[in-house]
Amino acid sequence: MSDQPSLTRSEACLSDLTMDEYLAEELSAPARGAFDQHLGGCTRCQAR
Amino acid sequence: MTAPARDFDLLYRRHAAAVFRRARVLLKSEAEAHEVVQDLFLSLLERPQQFQGKSTLTTWLYSATTHACLNRLRNQKNRTRLLREQETASEADSKLAPEALLLLSDTLHRLPPPLGEVAVYAFFDELSHEEIAQIMGCSRTHVTNMVQRIATWSREQEAS
């Protein structure tokens with residue numbers, strides 16, 4: 001993950017906090033599913 | 001290693017890197033970020049009841065790290081260092097948006113504490129009001145009100 005904050009994050013994109021929760025395996029199953037779905041289709045979040 | 005020590009070791013391994021990343025971004029100093037990590041986890045080891053389980057541990061640490069960094073940014077020595085770094089960096093070199101630099105260098109320490117925290121979440125992290133409300137344990141309306149107060153405060157500062 002980039003050290004820089006996501007300064008032009010769109011509403012739909014994942015926040016750094018959500019990414020940290022994902023990495024810590026703290027997201028609920030639905031939230032994890034939404035995370036995976038977004039990440040699969042968003043090159044900007046994939047690059048972070 | 002005892003069971004509680006093992007638990008804490010696991011917790012540290014799982015979360016310390018995220019705390020460090022966030023502190024380094026906010027403070028722009030690896031040394032200070034390491035200190036924040038040490039202080040925060042030592043505090044959590046000594047007083048685990050601080051985390052009441054009302055949110056995920058990651059969310060709690062995110063907020064606690066923000067508080068710790070804001071306190072350090074209010075320290076005169078840090079403000080001086082950040083201002084100096086901002087002056088020496090050309091606009092092209094800067095990786096942060098102007099409003100983020102402003103927040104980190106000069107304005108932030110003058111905002112009353114709850115507004116300073118909201119300013120970091122809203123303008124630096126670009127979190128939605130809903131996400132900020134979740135972190136701070138308050139309503140979305142309250143967050144919106146605080147963002148409006150920051151805007152009003154900024155206009156007043158510019159006018160004075």
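Modeller: Start with a definition. On a 1 Å grid over the protein atoms alone, a cavity is a set of points where a 1.4 Å probe fits but cannot get out, and lining residues have an atom within 4 Å of a point. Points are joined across faces, edges and corners, and a volume is the space filled by probe spheres set on them.

Biologist: What is the source, and how is it numbered?

Modeller: This is a predicted model: local features need pLDDT of at least 70, side-chain atom pairs count only at pLDDT 80 or more, and totals for chains, interfaces and linings use all residues. Residues are numbered from 1 along each chain as its sequence is written, chains are lettered from A and ligands numbered from 1 in the order in which they are written, and side-chain values use heavy atoms, without hydrogens and water.

Biologist: How many cavities of 30 Å³ or more are found?

Modeller: The search of the whole structure gives two.

Biologist: Which residues line the second largest cavity?

Modeller: Chain A gives A:Leu17 and A:Asp20. From chain B come B:His15, B:Ala18, B:Val19, B:Arg22, B:Thr58, B:Leu61, B:Tyr62 and B:Thr65. Helices here are DSSP runs (H or I, at least four residues), numbered from the N terminus. At least two lining residues each come from α1 (16-23) of chain A, and α1 (3-27) and α3 (57-73) of chain B.

Biologist: How does that lining divide by class?

Modeller: Five are nonpolar, three polar and two charged. Ala, Val, Leu, Ile, Met, Phe, Trp, Tyr, Cys and Pro count as nonpolar, Asp, Glu, Lys and Arg as charged, and the others, Gly among them, as polar.

Biologist: At what angle do α1(A) and α3(B) cross?

Modeller: Axes are lines fitted to C-alpha atoms, for helices over the stretch in contact, and angles run from 0 to 180 degrees between N-to-C directions. The axes of α1(A) and α3(B) cross at roughly 135 degrees and come within 9 Å. So α1(A) is oblique to α3(B). Angles under 35 degrees count as roughly parallel, over 145 as roughly antiparallel, 65 to 115 as roughly perpendicular and the rest as oblique.

Biologist: Which residues meet there?

Modeller: A:Leu17, A:Asp20 and A:Glu21 meet B:Thr58, B:Thr59 and B:Tyr62 (contact means heavy atoms within 4.5 Å). Two are nonpolar, two polar and two charged.

Biologist: How do α6 and α8 of chain B pack?

Modeller: α6 (residues 113-124) and α8 (residues 140-159) of chain B pack at about 95 degrees, with axes 10 Å apart. They are therefore roughly perpendicular. Nine of the contact residues are nonpolar, none polar and one charged.

Key. 1 Å grid on protein atoms, 1.4 Å probe; cavity = no way out; pocket = protein on both sides within 12 Å on 5 of 7 lines; lining within 4 Å.
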